[in-house]
Amino acid sequence: MGEYVAAIDQGTTSTRLILFDRDARIVASDQREHRQIHPRAGWVEHDAQEIWQRTREVIGGALASAGVEAGEIAAIGIANQRETTVIWDRETGRPLHNAIVWQDTRTAQLVRDLAGDAGPNRLREAVGLPLSTYFSGPKIAWLLEHVEGARERAEAGELAFGNIDTWLLWNLTGGPRGGVHATDVTNASRTMLMDLQTLDWHPPSLELMGIPAAMLPEIRSSSELFGEAAGTALGGRPVAGMIGDQQAALFGQTCFEAGEAKNTYGTGSFLLLNTGAEIVRCPELLTSVAGKVGDGPTSYLLEGSIAVTGAAVQWLRDQLGLISTAAEVEELAMSVEDNGGVYFVPAFSGLFAPHWREDARGVIAGLTAYARAGHIARAVLEATAWQTREVLDAAHGVAGTALAELRVDGGMTANELLMQFQADVLGVPVVRPAVTETTALGAAFAAGLAVGFWSDRQELRDRWHEDRRWEPRMEPDHRDREFAQWRKAVERSLGWATLTE
């Protein structure tokens, strides 16, 4: 048994390799960015071969920096940007087209056509997701329609589809020379093509989108032996964990039980609530698989995607010039005692969960001559906390579980004013872990469990350490009044934009 677990964290802008020791501490890491390709407005692509090259580079870089040999690695785990779609030639290993990234909106008209008279929720009972440009299924359909000969070749079994997890696994395990073509239940649940109950591909979804089953990977658990790495500095080591990035963060936060939740604060925020063995459906939130270890039971979740959180701080810096670095927002916000009656709704291009209103636009409400830059800065931070509160309220409305605490990760958790306000508006403690690289840690946990590096979930809980805890201090009556004001501001943002086809 090796001394370390290697986690590949393949994200939207970069790829990292992090080595963890048995105490789940970071031993070494390496990170490389890849290009963001924008052929047209609303189109976002990645070069899948470039991502594979960056993966090879960070593997070599992290091992070299730590002076670690491949034989010291017990297992490899993969966490990945979800929904980003690749189709490649099984024989040559070459992608047919750039990967279509999760943010890409080129399938908007296709999605409307697929919804038809039945509406965007026509598959939701089975797959947990509404028809949307977000998910992989419509992206596959677009590629089959627009790349010459792709449909015929896919039907003949010559082409393979995968999200980035599948693409990396296939290449890591040999590519055209015996590469494993598989995905895990968390990534499969984000394609719009998997039945949540059977954990198999859903024939009505495939038929609706015209996707041949021959091109799809095998669906497996998140923690099991997928295959043996070949052709990189990790050659010969087992690939034993694979999990979508947000589910990986949930796993890395050891939120294994129903009612446990994490929020990742980045450009936007992703709040995931574990619902255990129960598939809970909520019109405002997405239902997906939280994870599956080996042949154990499947866990499910509710997810709320918030479009703008950290991006609002960047807007203060880059567009308004109120701060020169993102970190300065806390000091500016603390220059005033409260928000001065100012509320900010960052609906720059609509609102995501739980409102799902494309016609919303950003508003600053409650301005008086008293308001100054500090009040606006504080309102920007408070907007992140209020949006999180709205998502959790929607989840609790259907899940029937009371949240004991919220575990948090991501760059904004360094902002102590925000974290305290988050605890205040939720009325429960907010907890930041000692290891904030929870996505990579979740992939490592999944891989380590599969090979016995860690024995069980309890040992993982023992390896997770708290760094800081914020207890709620706001009086309930005050919290309710502030929340009511926030909701009034949200109402002012709705219906602002006139949407055209």
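**Figure 1. Helix α4 and its cover.** The buried residues of helix α4 are S136, G137, P138, K139, I140, A141, W142, L143 and L144, where buried means under 20% relative accessible area, exposed over 50% and partly exposed in between (1.4 Å probe, protein chains only). The helix spans residues 136–146, and nine of its eleven residues are buried. Helices (H or I, at least four residues) and strands (E, at least two) are DSSP runs, numbered from the N terminus. Look around α4 and you will find, among the elements that cover its buried residues, the strands β6 (85–89), β7 (99–100) and β8 (159–163). Helices α2 (108–115), α5 (150–155) and α8 (203–209) are also included in that cover. Contact here means heavy atoms within 4.5 Å. A word on what you are viewing: this is a predicted model, in which local features need pLDDT of at least 70 and side-chain atom pairs count only at pLDDT 80 or more, while totals for chains, interfaces and linings use all residues. Residues are numbered from 1 along each chain as its sequence is written, and side-chain values use heavy atoms, with hydrogens and water left out.

**Figure 2. Helix α6, an enclosed helix.** How many of the nine residues of helix α6 (residues 164–172) are buried? Nine of the nine are, so α6 is largely enclosed by the rest of the structure. Among these buried residues are the tryptophans W167 and W170, along with D165 and N171. Following α6 comes G174, with a positive phi near 125°.

**Figure 3. Strand β5 and its two parallel partners.** Strand β5 covers residues 73–80, and eight of its eight residues are buried. With strand β1 (residues 4–10), β5 runs parallel and is joined by seven bridges; two strands pair if DSSP finds at least two bridges between them. Strand β12 (residues 238–244) also runs parallel to β5, joined to it by five bridges.

**Figure 4. A cis peptide bond at P354.** A353 and P354 are joined by a cis peptide bond, with omega about -5°. To find P354, go to the loop between β17 (343–345) and β18 (363–365).

**Figure 5. Two non-glycine residues with positive phi.** M192 is a residue other than glycine with a positive phi, near 75°. It sits in the loop between α7 (185–188) and α8. Is M192 buried or exposed? M192 is buried, with a relative accessible area of 0%. T254 is not a glycine either, and its phi is positive at about 55°. Its place is the loop between α9 (245–252) and β13 (261–265), and T254 counts as buried at 2% relative accessibility.

**Figure 6. Stepping back to the chain.** The chain has 16 helices and 21 strands. Its radius of gyration is 22 Å, close to the 23 Å that the globule rule gives for 501 residues, so the chain is as compact as a globular protein of that length. That radius is taken over C-alpha atoms, and the globule rule is 2.2 Å times the number of residues to the power 0.38. Of the 501 residues, 61% count as buried. Among contacts between residues at least 6 apart in sequence, 72% join residues at least 24 apart.
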